[in-house]
Amino acid sequence: MFLLKNLTQIDGVSGNEEKVREYIKKEIEAVVDEIKVDKVGNLIAYKKGTGSKFKLLLSAHMDEVGFIVTGYSEDGMVKFRPVGGIDQRVLPGKRVLIGDKGVKGVIGCKPIHLQEKDERDKTIKIKSMYIDIGCDKRDEAEKLAGLGEYIAFDSKYTELGPDCVKAKALDDRAGCAIIMELLKNRYEFDLYASFTVQEEIGLRGSEVVGYQINPDVAFVIEGTTCSDVPGAKEHEYSTELGKGPVITVMDRTAYADKELVNFIYDTARKHKIDVQFKKTATGGNDAGKIQRSRCGVKVASISVPCRYIHSPSSVMSMKDYEGCKRLMEAVLTELESNNDYSLKILNGGNCNV
Amino acid sequence: MKNTKTPDILKELTNISAVSGYEELLARRLKEIFMEFCEEAWIDKFNNVVGKMTFPADEHRYIDGRNMKVLVMAHMDEIGLMVKSIDEKGFIRITSVGGIDSKILPAHEVIVHGKRDIPGIIGAKPPHLLKPEEANKSIKIEDLAVDTGMSAEDLKKVVSIGDLITLDCEFTELKNGKYSAKTIDNRSGVTALIEAMKELTGIKHGADVYFVASTQEETYLTGAIISSYVIEPDVAIIIDACHGNMPDTPKEETFTLGKGTAIGIGPVLDRKLSQTVINVAKDENIPYQIDVEPSDTGTEAWATQVSRAGIPTVLLSIPVRYMHTAVETVQIDDIKNTGRLAARFIARLTRHMEVI
Amino acid sequence: MFETIKKLAGSFGVSGSEEQIREVIKNEIEGKVDEIKVDALGNLIAVKKGSGKKIMVAAHMDEIGVMATYIDEKGFIRFSNIGWVWQYFALGQRVMFKNGTVGAVFFEQKLKEIKNLKLSNMYIDIGAKSREEAEKKVKIGDTACFAGDTVMEGTMVISKALDDRSGCAVMVKTIQDMPDTDNEIYFVFTVQEELGLRGAKTSAFGIMPDIAIALDVTDTGDTPECELMEVKCGGGPAIKIKDRSFIAHPEVRRLMEESAKKIGIPYQFEIMEQGGTDAGAIHVTGGGVPSGAISIPCRYVHSPVETADITDIENCVKLLRQCLKDA
């Protein structure tokens, strides 16, 4: 799974997606008709359809959660703030890489021997955390880790058990990888792919994608929460590892188009692909912004379940990943051949503005 | 305005009330001022004031067969209060427009803008009558009332629901070039806009520059959203206030008064352009500080970044202490330098987003 | 008017599943406008063509509800909210799924302190004895509205979904007795307002109106020990000054006040502390749309016993008709 491995190993914190974008561009250039980078930094690819049907958009975000350098202590420690939503409890004692040169650092943590009794039970706030890059003085640290440089988790892609992988940024390099594979095909409809930026800080990249492309239908391929772990009650799992790709009916940012959801589900049944529905209505992704662009777009999200999302070590099942890919291939093929539904999508909304 | 000193410009602007959504008076005055420097100036349906300054295009500023367009924007609106109801005793119950901290309100002098301006005081229970638990909790806006000394009957002839109330405060000169007044956030930004206009007059720059004093930033970023949509600039420069250094706040989150403009860097702001602004500041010996913004900057940059297909945006912030109180404090050189920095950046910017 | 409100409020239309209410409204207005269309998100747009100003009038079709997220082995259903649902309003209520299945909403008995009540420690009982039996009637992702018949006591209507079927009723009545004007009017019955003014955003983009009027409910300050608010049931349509989503444009406010005075109906002014309306999304469309809102005073908003005065609703129709002529 070199594609997924390579993608997750690149550092691309929200606002610093350049290297991810370069990699994806290089890999897909040969198989698409047009490719460009827009003003916000999204990578947009286009493949003309063989027939004249509708405009279909596939979207995944390139960015991952991370941090940014905000200051220094006099004795050479680096102060930082999070970029995107991170549970501060996963931070103490982790390794990071700072800036384009990947300066190595560790998030320090007071040893338990030295903690007061009440300290042991409290969560450390990010404001009091610091990164040790080995410097002893402020100006030394300033030279190696400049103000505003981005910081990513230092975490290697590893195979776990017979079927799982552990890596950082599976949310949403998994989605990027799947779309890159799908771009190898040509369909009757016009196919657009957007690899967006800054999803993790508020769906920023996707906000301009719908405006530029004006698609008729869009699929967002994501990595989604999977909390089938000890301590969680069954109805709080949201999704379960190994049960297949996830169809989302509703989350905080979008209520998926119902006919599209039914179409996806029917396709899955027809092609005998295991799927699950997301069992919580929390979280959000680019689908919300695309759905509400211009005069509106029919959207649906299909995701791969990832345990420990937004941490340096998220875990995904390759069976779910392959299932997601197969499901999307099936959906695109079925859309191509289903004339009735295609017409419905085309007539759904006329946005000439 | 051409010969007016910066503190006097700031004083005039802070003395005109312009609560979010009700900026008409200030808009009219700003149009007059803009007309002294710009070829054209107009006020749109939401009271945004736009001034356009152009120069004949040259090859460095030509994009797609037209002149490069630069937007420089500073919001003119202020937070305030509004009449919610008048009770039988003539006390005015209030609601806020924009984010007012109710902690500053007890015992504050205010002006109620009814059919005429009426002075009032936001009442507070005398300390002698406070219960011990009450004394430690801050009062909520729902429990405050404005006392005008008038009866309900007389008051209702002049004041209605929806009328605005602003905090009354005198423009004060402190030591070392510092000034204190209400609405320094963001009249200091509008002042910097005017300073930039002054500086750009007579310079050959080649871009079409749109100066916008925008409205409703403190509420819904309405002015920024609609003016950037209409103007469709190639670059946007936002001028706003940021937190100045104060005794009880962490160093990483504040900026020193007098040390210059805080130039924003972070995901929302264009990386290349922000670095370019820093280079211009270094080049031209304009003092500056770096403002790291991990995500939402709390300014109009949030709107311009994603307007239509996106607008590369930079953020210049003026350090202001005690924000959203009636004693906001600023160092006058920071305002002048911000105006200068914006002007020098625009004058040298080319369509390749580099400077010459 | 009561029959119209009853028909609309009684229909099913939880945010995201507005098909049924859309059909019902469509039937009420067919033949009375020049064009009817449904856009990509499901907004119902009825156009009365004209050569004057382009006016957009919006009322939302959707209502709050719940979505089934998990069914346990015993057939009890866990759910999530659609729109803002206060758990204390949901407790002990009946909900109804689109296919008619009725359920009882209750909470985990082991919860000691009722102040810790959350939607996540509540469930729906549809009388099924097992997961298989439940799944025959309800699937994960199915949505349910709160049950609440529409009845009238005196001049007061008590019903679920007066937010915003009463606004839709005002629009329907206006269409059925179209005001004589050259203005071009887009009557938009929007979707997903309760999820964040979503339908209004996209429909406004497609229309780019010169002026917009939203019709929605607002709170009142006329019940025992209530929060301070000037709006009262029976005081007439409320002209909105501001809420959490926008500040009414002074010109549109002026239009409404003058129109109300012209036709001699009671009216009041409204400042809503919490909540917003479709105008919040419409006013920032394109180069900006001066917008206002005519609000129906309504007690107990977002509960199954929303209560409003029918004379206020009837006066809203009169006010809207006059505004559409005078704009």
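How many helices and strands does chain C have? The legends below start there, and they describe a predicted model.

**View 1. Chain C as a whole.**
Chain C carries 9 helices and 17 strands. The radius of gyration of chain C is 20 Å, close to the 20 Å given by the globule rule for 327 residues, so chain C is as compact as a globular protein of that length.

**View 2. Inside chain C.**
Of the 327 residues in chain C, 56% are buried.

Domain 1 of chain C is made of 2-63 + 160-326, while domain 2 covers 65-146. The centres of these domains, taken over C-alpha atoms, are separated by 31 Å. Where they meet, 12 residues of domain 1 of chain C are in contact with 12 residues of domain 2 of chain C. On the domain 1 side, the touching residues sort into 4 nonpolar, 5 polar and 3 charged.

**View 3. Chain A against chain C.**
Here we move to the contact between chains: 19 residues of chain A are in contact with 22 residues of chain C. The side of chain A that touches chain C has 9 nonpolar residues, along with 5 polar and 5 charged ones.

Conventions: Residues are numbered from 1 along each chain as its sequence is written. Chains are lettered from A and ligands numbered from 1 in the order in which they are written. This is a predicted model: local features need pLDDT of at least 70, side-chain atom pairs count only at pLDDT 80 or more; totals for chains, interfaces and linings use all residues. Two residues are in contact if their C-beta atoms, placed from the backbone, lie within 7 Å. Ala, Val, Leu, Ile, Met, Phe, Trp, Tyr, Cys and Pro count as nonpolar, Asp, Glu, Lys and Arg as charged, and the others, Gly among them, as polar. Domain bounds come from an automatic or database domain assignment. Helices (H or I, at least four residues) and strands (E, at least two) are DSSP runs, numbered from the N terminus. The radius of gyration is taken over C-alpha atoms; the globule rule is 2.2 Å times the number of residues to the power 0.38. A residue is buried if 20 or more other C-beta atoms lie within 10 Å of its own, exposed if 12 or fewer, and partly exposed in between; C-beta atoms are placed from the backbone.
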